[in-house]
Amino acid sequence: MRIWHGLDDVPEDWGRSVITIGVFDGVHAGHRRLVARAVAMARRLGLPSVVVTFDPHPDEVVRPGTHPPRLTTTRHRAELLVGLGVEAVCVLPFTLEFSRMSPDEFVQTVLVDRLHAAGVVVGENFRFGHKAAGDVETLRTLGEKYDFEAEGVPLVGDGETVSSTLVRERLAAGDIEAVTAALGRPHRVEGVVVRGYQRGRQLGFPTANVEPPDFTAIPPDGVYAGWLQGIAVGNLPAAYGGERWPAAISVGTNPTFEGVARTVEAYALDRDDLELYGAHVAVEFGTRLRDNLRFDSVEALVEQMRADVDEARRFAAS
């Protein structure tokens with residue numbers, strides 16, 4: 001799996017390639033269509049395919065404070081893209097200086113001089129260069145200048161145009177099934193397991209309290225059925241060999257205990273032996289079970305938690 005962090009990571013002897021460009025947050029159905037077209041062009045030309053993506057999100061650099069909720073971490077995004085058949089993913093640091101490149105400068109510096117583009121495939125709404133001055137037609141014109149093919153592709157999945165913005169909107173509305181359909185997999189929240197108040201353990205349902213990175217897209221407060229899994233990050237191996245457990249998941253502030261901090265907690269069904277503190281995990285959301293409620297007693301809360309766990313078991317078995 002080739003993942004390059006910046007142009008300096010690209011091997012000096014890298015030859016011509018077919019490139020697709022975008023943020024690709026979520027790697028949703030529209031993105032997969034785009035990558036498939038790039039891979040097909042690369043095979044037709046007998047060349048490798050490369051995805052160029054960016055970190056941080058360009059919006060945060062161009063308009064500070066507007067970073068959209070992130071559907072995938074940079075690492076997970078790169079893994080998903082490589083899984084679609086591309087030979088390499090090049091993650092470019094998006095800086096203010098980088099954002100000021102003209103369309104011609106971007107094409108020459110990134111696509112021609114370093115990645116030796118023979119073909120470039122982008123979404124039909126693709127914009128690039130300083131103040132988004134370049135579009136698909138600009139890219140085609142520059143392709144004639146620098147000797148590469150350029151193609152714009154509609155981001156369509158299951159008969160409708162799919163965008164990361166649309167996926168975020170559906171996630172914010174709690175429409176987990178629609179999000180799963182658009183992504184082609186469950187939405188996941190990654191993070192490190194940290195120590196919380198350990199109330200779940202005291203109540204008989206020990207939860208992994210997950211602290212996600214900034215800007216993570218998190219579903220609305222509520223109780224969900226899904227999965228919990230240890231993941232490998234860098235040189236750290238996945239906890240329990242990456243085993244994936246059905247789980248009951250709570251997102252919110254624990255209103256019964258008058259909590260303030262919003263948390264993501266996952267209880268691996270029927271597992272009270274897991275030691276996950278400090279581990280990197282993924283929480284995957286399968287379906288929404290109910291809203292968060294404030295209970296009049298701890299006993300009433302525990303009774304509802306048992307019912308939630310039963311619902312999560314039924315979902316896992318379906």
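View 1. Strand S11 (residues 222-230) and strand S14 (residues 280-290) run antiparallel and are joined by eight bridges, where strands are DSSP runs (E, at least two residues), helices are DSSP runs (H or I, at least four residues), and both are numbered from the N terminus. Gln229 stands opposite Ala282 in S14. Six strands, in the order S9-S10-S13-S12-S11-S14, close into a barrel with antiparallel pairing, two strands being paired if DSSP finds at least two bridges between them. This is a predicted model, in which local features need pLDDT of at least 70 and side-chain atom pairs count only at pLDDT 80 or more, while totals for chains, interfaces and linings use all residues. Residues are numbered from 1 along each chain as its sequence is written, and side-chain values use heavy atoms, with hydrogens and water left out.

**View 2. The salt bridge between Glu12 and Arg114.** The closest N and O atoms of Glu12 and Arg114 are 3.4 Å apart, a salt bridge being a side-chain nitrogen of Lys or Arg within 4 Å of a carboxyl oxygen of Asp or Glu. Glu12 lies in the loop between strands S1 and S2 and Arg114 in the loop between helix H5 and strand S5, so the pair ties together parts that are 102 residues apart in sequence. Glu12 is exposed at 71% relative accessibility, whereas Arg114 is buried at 15% (buried means under 20% relative accessible area, exposed over 50%, partly exposed in between, with a 1.4 Å probe and protein chains only).

View 3. Arg140 and Glu137, three residues apart in helix H6 (residues 136-146), meet through their side chains at 2.5 Å, N to O.
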